[in-house]
Amino acid sequence: GRNSPVYSGYGDVEIKGNVKVTAQEGSGAAYGVYAYQNIVIEGNADVTNPGGYGLYASTGSVTIQGDAKITGTGTNMTAAVSASESITINGDAEITNLDGYGLYAGNGSLTVTGDVTGSAKESVLRGRMRSVRLKFLMRL
């Protein structure tokens with residue numbers, strides 16, 4: 001996991017503006033952005049990882065204050081966005097994961113204030129949904 005483009009092994013990842021992260025195909029990166037605790041992005045997030053998770057918060061939550069365009073692929077138990085606790089996206093979410101979940105909130109709520117589009121093999125949304133407007137949802 002340490003060869004992931006953005007990696008925090010002990011704490012949070014906090015990004016004050018917009019973020020664009022692309023892991024190279026074949027790089028072996030398990031995560032586009034990894035935090036042991038929380039991931040907080042105060043702008044828009046555009047993350048692509050052809051080898052696994054897009055965003056992964058091991059013990060905490062993922063919060064994106066803007067729009068999110070996240071693409072992740074990998075084995076069946078990966079997710080484009082995975083959080084141990086909650087996922088909050090205060091904008092539109094375009095989520096793609098052809099091998100697993102789109103958004104996966106393990107123990108918390110899943111909140112998207114905008115529209116959710118995209119496709120995933122298992123389910124674009126997995127978690128206790130608090131506030132989600134679905135414009136388009138496709139299951140393969």
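Analyst: The answers below concern a predicted model, and each sets a value against the rule behind a term.

User: What makes up the secondary structure of the chain, and how much of the chain is buried?

Analyst: The chain has 15 strands and zero helices. Of its 140 residues, 49% are buried. The accessible surface comes to about 6500 Å², and carbon and sulfur atoms account for 45% of that surface.

User: Why is the pair of Tyr7 and Tyr34 called stacked?

Analyst: By the rule for ring pairs, the chain has seven aromatic pairs. In the pair of Tyr7 and Tyr34, the ring centres are 4.8 Å apart and the planes meet at 15°. Ring centres must lie within 6.5 Å for a pair, and planes under 30 degrees apart count as stacked; the pair of Tyr7 and Tyr34 is therefore stacked.

User: What does the pair of Tyr7 and Tyr34 tie together?

Analyst: Tyr7 belongs to strand β1 (residues 6-8) and Tyr34 to strand β4 (residues 31-35), so the pair ties together parts that are 27 residues apart in sequence.

User: How do you know whether Tyr7 and Tyr34 are buried or partly exposed?

Analyst: The cut-off for buried is under 20% relative accessible area, and exposed means over 50%. Tyr34, at 9%, therefore counts as buried. Tyr7 has a relative accessible area of 30%, so Tyr7 is partly exposed.

User: Why is the pair of Tyr31 and Tyr53 called stacked?

Analyst: The ring centres of Tyr31 and Tyr53 are 5.5 Å apart and the planes are at 25°, so this pair is stacked. Tyr31 lies in strand β4 and Tyr53 in strand β7 (residues 53-57), so the pair ties together parts that are 22 residues apart in sequence. Tyr31 counts as buried because its relative accessibility is 16%, and Tyr53 is buried because its relative accessible area is 15%. Ring pairs link Tyr7, Tyr31, Tyr34, Tyr53 and Tyr56 into a cluster.

User: What makes strand β10 largely enclosed by the rest of the structure?

Analyst: Strand β10 covers residues 79-83, and five of its five residues are buried, so the strand is largely enclosed by the rest of the structure.

User: How do you know that β10 pairs with β7 and with β13?

Analyst: Two strands pair if at least two bridges are found between them. Three bridges join β7 to β10, and these strands run parallel. Four bridges link β10 with strand β13 (residues 101-120), also in the parallel sense. Val81 in β10 stands opposite Leu55, and its bridge partner in β13 is Leu103.

User: Which residues have the most contacts inside the largest nonpolar core?

Analyst: Those residues are Ile39, Leu55, Val62, Ile70 and Ile87, in a core of 28 residues. Strand β13 gives the most to this core, with five residues. Another core, of six residues, lies apart from the largest one and includes Tyr34, Tyr53, Ala79 and Tyr101.

Definitions and conventions: Residues numbered from 1 in each chain as written. Predicted model: local features only at pLDDT ≥ 70, side-chain atom pairs only at ≥ 80, totals over all residues. Heavy atoms only, no water. Helix = DSSP H or I, 4+ residues; strand = E, 2+ residues; numbered from the N terminus. Buried < 20%, exposed > 50% of the residue type's maximum accessible area, 1.4 Å probe, protein only. Areas by Shrake-Rupley, 256 points an atom, 1.4 Å probe, with all protein chains shown as cover. Phe/Tyr/Trp six-rings, centres within 6.5 Å; stacked < 30°, edge-to-face > 60°. Core = buried A, V, L, I, M, F, W, Y, C linked by side-chain atoms within 4.5 Å.
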